[in-house]
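Visitor: Please show me the model with its sequence. I would then like to go through some of its computed features.

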Amino acid sequence: MDDVIDRICAATNAHDLDALVDCFADDYRLEMPVHPSRDFRGNAQVRTNWAQIFAGVPDIRAEIIARATDGPLRWTEWRMWGTRRDGAPHDMRGVAIFEVAQDGDDERARACRFYLETVEYDSGSVDEDIRRRVRA
């Protein structure tokens, strides 16, 4: 593995909760600019979140579609998909912008601005969406 982003993806695909949590600094900070009430701090919440995800989507897979590096920032486009226990598809896509730092011998994620959302296959046309958003 060459960096923490690859380790996050590999640990997700291996469903290795300890390896995944080890990718995040103790004081890791996640911001969800579109859903600010979901922001959190600390890798204990990462463990809680991913324990629920692994239990709820036992075949979850992750793929990094694109990436770019800008100093300590890793811009990444993701797809995470699988099947929930109730048989419904789970499909999320979007961008996560990680801030990483060296921590001993390993790189760890210190922060992330998270823009992954659930794919909506039947949410209507672009015209319907814009009318709904501006209440036209």
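Predicted model: local features only at pLDDT ≥ 70, side-chain atom pairs only at ≥ 80, totals over all residues.

Visitor: Which residue forms a salt bridge with Arg29?

Guide: A salt bridge needs a side-chain nitrogen of Lys or Arg within 4 Å of a carboxyl oxygen of Asp or Glu. For Arg29 the closest N and O atoms are 3.4 Å apart, and the partner is Glu31.

Visitor: How many residues apart are Asp91 and Arg79?

Guide: The two side chains meet in a salt bridge at 3.1 Å, N to O. This pair links distant parts of the chain, with Asp91 in strand S5 (residues 89-103) and Arg79 in strand S4 (residues 73-83). Strands here are DSSP runs of E with at least two residues, helices are runs of H or I with at least four, and both are numbered from the N terminus.

Visitor: What arc do the buried residues of H3 cover around the axis?

Guide: The buried residues of H3 are Asn43, Val46, Trp50 and Phe54. They lie on the same side of H3 because they cover a limited arc. Taken from the directions between the helix axis and the C-beta atoms, that arc is only 55 degrees.

Visitor: Which exposed residues does the face of H3 turned away from its buried side carry?

Guide: An α-helix has 3.6 residues a turn, so residues three or four places apart point the same way. On the face of H3 turned away from the buried side, the exposed residues are Ala44 and Gln52.

Visitor: How far does H3 reach from its first C-alpha to its last?

Guide: H3 has 14 residues. The expected span is 1.5 Å times one less than the number of residues, and for H3 this gives 20 Å. The model comes close to that, with a reach of 20 Å.

How values were computed: Residues numbered from 1 in each chain as written. Heavy atoms only, no water. Buried < 20%, exposed > 50% of the residue type's maximum accessible area, 1.4 Å probe, protein only.
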